[in-house]
Amino acid sequence: MTKKRTNWIVVDLDGLSQTLDRRGKEFAIYELVQNAWDEKVTRVEVNISKPISGRSELSVVDDSPEGFRDLADSYTMYAPSYKKTDPEKRGAFNLGEKFVLALCDQVTITSTSGRVEFSKNSGRSRSKTRRATGTEFKGSLLLTIAEHKHILDKARYLIPPVPTIINGTALPTRTCLKKFNATLSTVIADAEGRMRPTKRRTSVCIYEPL
C-alpha cells in the first residue's frame, strides 16, 4: 500500500487509483490534453502504446512557450490555481494531474522549468533537465488490450481547438452546426480565492454526433 502522510490526512494512493479506475482510464488522456489546451499551444501529441505484459506507456507533449508554470503544482494537493479566476479555462482545482499520477507507477514531467520524476519505489525527485519549450508527460500504467482499445475509441470524442495527434492520427476538426448564447452555471474564485457559484453568459456549439 502506497501512502502519503501529511499533518492533516493520509492519502492512500492505491485506494485512490482503484477508485479512479472505475471512472474509465480514458480520463487520463482527457485531463492531460485539456491541461495542454488551456495553455498557448499550437499542437498536442499523445501516444499510448499497445500493452505488453499488461503495461502501457503514455506520453503527452505540447509546445506551450511557457511550459508547466510551476512543477510543484503537479504534486501539491489543492494548491491555488491561476485558472480559478478564469472561467474560460477547462480546469480550476489543480487536481487533474494528481488523479493521473495515482494511475501511474512511474511518471516523468519535463518542462521549461526542469524535470520532476515520480516512482512508487523511490518517491519524488527533481532535476535541472529541461525543455526549450513545452511540456512532456511520460507515464507507465497497467492496461489491458481491451482498455487500450477503449481509450482510443473514447479519445475520438475530443473536439480539438488546435491540431491534436493521437498515436499518429490527427483528431478530425468538426464543424459547428449551430451556435447560440446561453447562461450557464459555473464556479469562479472570489477576491479571497474561494470558489463561488455563479452564472455566466457563454457560447454553445452543437456538433453532429460521430
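**Close-up 1. The antiparallel pairing of β6 with β7.** Strand β6 and strand β7 (residues 123-127) run antiparallel and are paired over 5 bridges, where strands are DSSP runs of E of at least two residues and helices are runs of H or I of at least four, numbered from the N terminus, and where two strands pair if DSSP finds at least two bridges between them. Glu-117 faces Ser-125 in β7 across this pairing, and the hairpin formed by β6 and β7 has 3 residues between the strands. The model shown in every view is predicted, with local features requiring pLDDT of at least 70 and side-chain atom pairs counted only at pLDDT 80 or more, whereas totals for chains, interfaces and linings use all residues. Residues are numbered from 1 along each chain as its sequence is written, and side-chain values use heavy atoms, with hydrogens and water left out.

**Close-up 2. The hairpin of β5 and β6.** Strand β5 (residues 104-111) pairs with strand β6 (residues 114-119) in the antiparallel sense over 6 bridges. Thr-110 has Arg-115 of β6 as its bridge partner, and 2 residues link β5 to β6 in the hairpin.

Close-up 3. With strand β4 (residues 55-62), β3 pairs in the antiparallel sense over 5 bridges, and Glu-45 stands opposite Val-61 of β4. The hairpin of β3 and β4 leaves 6 residues between the strands, and Ser-53 in the turn has a positive phi of about 55°. With strand β9 (residues 164-166), β3 runs parallel and is joined by 3 bridges, Val-44 having Thr-164 as its bridge partner in β9.

Close-up 4. Ile-165 lies in strand β9 and is buried, with a relative accessible area of 11%. Although Ile-165 and Glu-45 are 120 residues apart along the chain, their C-alpha atoms are separated by 4.6 Å. Neighbours within four places in sequence being left aside, Ile-165 is in contact with Arg-43, Val-44, Glu-45, Val-46 and Ala-170, contact meaning heavy atoms within 4.5 Å.

**Close-up 5. Asp-63 in the loop between β4 and α3.** Asp-63 belongs to the loop that lies between β4 and α3 (96-103), and Asp-63 is partly exposed, with a relative accessible area of 26%. Residues up to four places away in sequence not being counted, Asp-63 touches Lys-40, Val-41, Thr-42, Arg-43 and Gly-134. The C-alpha atoms of Asp-63 and Ala-132 are separated by 9.3 Å, the two residues being 69 residues apart along the chain.

**Close-up 6. The crossing of helices α2 and α4.** The axes of helix α2 (residues 26-37) and helix α4 (residues 145-155) come within 8 Å and cross at roughly 40°; axes are lines fitted to C-alpha atoms, for helices over the stretch in contact, and angles run from 0 to 180 degrees between N-to-C directions. The two helices α2 and α4 are therefore oblique to each other, since angles under 35 degrees count as roughly parallel, over 145 as roughly antiparallel, 65 to 115 as roughly perpendicular and the rest as oblique. The contact is made by Glu-26, Ile-29 and Tyr-30 of α2 together with His-150, Ile-151, Lys-154 and Ala-155 of α4.

Note on methods. Buried < 20%, exposed > 50% of the residue type's maximum accessible area, 1.4 Å probe, protein only.
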